[in-house]
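This briefing covers the model shown below.

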There are 2 protein chains.
Amino acid sequence: MDDKPIPDIIIGRLPIYLLALQHFIKEGRQVTSSKELGERLGISPAQIRKDLSQFGEFGKQGTGYDIPFLLEQLRLILKVDRVWDIAVVGVGDIGHAVAGYQGFADRGFRVKLLFDKDPAKIGEQVGNFVVQDSANLVEVIKEAGIKVAMIAVPASEAQAVAQQLVQAGVKAILNYAPINLNLPSEVHVQYIDPLLHLQRMSYYLI
Amino acid sequence: MDDKPIPDIIIGRLPIYLLALQHFIKEGRQVTSSKELGERLGISPAQIRKDLSQFGEFGKQGTGYDIPFLLEQLRLILKVDRVWDIAVVGVGDIGHAVAGYQGFADRGFRVKLLFDKDPAKIGEQVGNFVVQDSANLVEVIKEAGIKVAMIAVPASEAQAVAQQLVQAGVKAILNYAPINLNLPSEVHVQYIDPLLHLQRMSYYLI
DNA sequence: TAGATTGTTAATCGATTAACAATC
DNA sequence: TAGATTGTTAATCGATTAACAATC
């Protein structure tokens, strides 16, 4: 019956709610409301209630939302109640920063494999990992059963790397290369490019 | 008369068009069409034409768009026909990666100042810069007339840093700290948080 | 009980797409 | 001329907001 998929724009706001709830937890808070959350995030209370109502009834009239309960529900919905292993391709500045970043684990992710094609980098120790040869990427990732990857190679190589990742069974890609990837529609791709954000803002300057 | 502001969602797509055109240029291409651009970017041709038509008539019926001309127009619209100096606050992994990144300059931006509050880092040489004391942030940025900044400090410090930046006259902030900033509405803020992207994609996994 | 806040419906608002005359 | 593609209008689609009965 009701198997209309939830709009992706709603899915995109859930991690923002999750993050805010984690801050509330740190502050020792127990209960919040759509009004309070909305003020904190610059989102209307109606929208927050509508978003959450797609997944169930998590609040209580007159009171609001129990923070630890809602947090747990969002973790379940977003499937970050478990830890996803990540493969990182490209060990430049970004690859290094990501490999050393400690904040992933308690939010559902963990870097597990590092690849580069530069012979000077292969075998190098970065954080807790040894950089592996990109040439073996497909079999190593397939063997490890990894579903999530980050691309941090130059734009000129990103499309080819992405296709190998798909071949290896990766279903979600976070792409730091400044180029649009054309991949099968069942593979999810997100882009991170600081320049895009900066250029968007400079429109409004002066 | 016609002074309705252009929707921000359109502004947000212009840098994507610009990037694609730069790739075309590299490939030695001279002319493109909304159809071709759309296929490359996964955006409908109608939307691309509609977006561009907000700013003028840049194409030619039957032919399409002259790439160097459209590129130049987009650079003018986005105000990246000049170079904007950037102040970076927080010299951890991200601050380092940003300071060393070479790709900004030809896309309208240039890192100019680096700040940190850690005495061990102040005075340190990073890339071509000497890390300065965050305590002097307001006066140094004001003196330099800088309007664009990046925040790469821990979440707990980000709001305070942001307020100082605003005080210093900064009008556009790219925030790497995983927290929502509450600032005057005339200040533009964009967020970069890889975890938000990853959590959004993990919803679709399995 | 009185006050607060939810979940949901209906109304509004805004963005996307389809279609086509104009024209290179 | 014939074919291609623009810029734009109108139609469609989807997202946001306002409002309120239900109820803690």
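**Interface and sheets of a predicted model**

Across the interface of chain B and chain A, 20 residue pairs are in polar contact, both residues being at pLDDT 80 or more; a polar contact is a pair of N or O atoms within 3.5 Å, where within protein one must be able to donate a hydrogen and the other to accept it, and residues adjacent in sequence count only if both atoms are side-chain atoms. Helix H9 (residues 194–202) of chain B supplies the largest share of the side of chain B that touches chain A, nine residues. The model is predicted, so local features need pLDDT of at least 70 and side-chain atom pairs count only at pLDDT 80 or more, while totals for chains, interfaces and linings use all residues. Residues are numbered from 1 along each chain as its sequence is written, chains are lettered from A and ligands numbered from 1 in the order in which they are written, and side-chain values use heavy atoms, with hydrogens and water left out.

**Interface**

- In contact (heavy atoms within 4.5 Å) are 59 residues of chain B and 59 residues of chain A.
- The side of chain B that touches chain A consists of 39 nonpolar, 10 polar and 10 charged residues.
- The buried area between the two chains is about 5,500 Å², with 67% from carbon and sulfur atoms; this is accessible area (1.4 Å probe) lost on putting two parts together, summed over both.

**Salt bridges**

- There are 24 salt bridges over all chains, each a side-chain nitrogen of Lys or Arg within 4 Å of a carboxyl oxygen of Asp or Glu.
- Four salt bridges are counted between chain B and chain A.
- Arg200(B) forms a salt bridge with Asp8(A), with the closest N and O atoms 2.8 Å apart.
- Glu39(A) and Lys35(A) form a salt bridge with closest N and O atoms 3.7 Å apart; both lie in helix H3 (residues 34–41) of chain A, four residues apart, about one turn of the helix.

**Sheets**

- Chain B has an open sheet of six strands in the order E8-E5-E4-E9-E10-E11, with parallel pairing; strands pair if DSSP finds at least two bridges between them.
- Its edge strands are E8 (132–133) and E11 (188–191) of chain B, each pairing on one side only.
- Strand E10 (residues 172–175) of chain B runs parallel to E11(B), joined by four bridges, and Asn175(B) stands opposite Tyr191(B).
- In chain A, six strands form an open parallel sheet in the order E8-E5-E4-E9-E10-E11.
- Strand E5 (residues 109–116) of chain A pairs with E8(A) over two bridges, and Phe115(A) stands opposite Gln132(A).

Key: Ala, Val, Leu, Ile, Met, Phe, Trp, Tyr, Cys and Pro count as nonpolar, Asp, Glu, Lys and Arg as charged, and the others, Gly among them, as polar.
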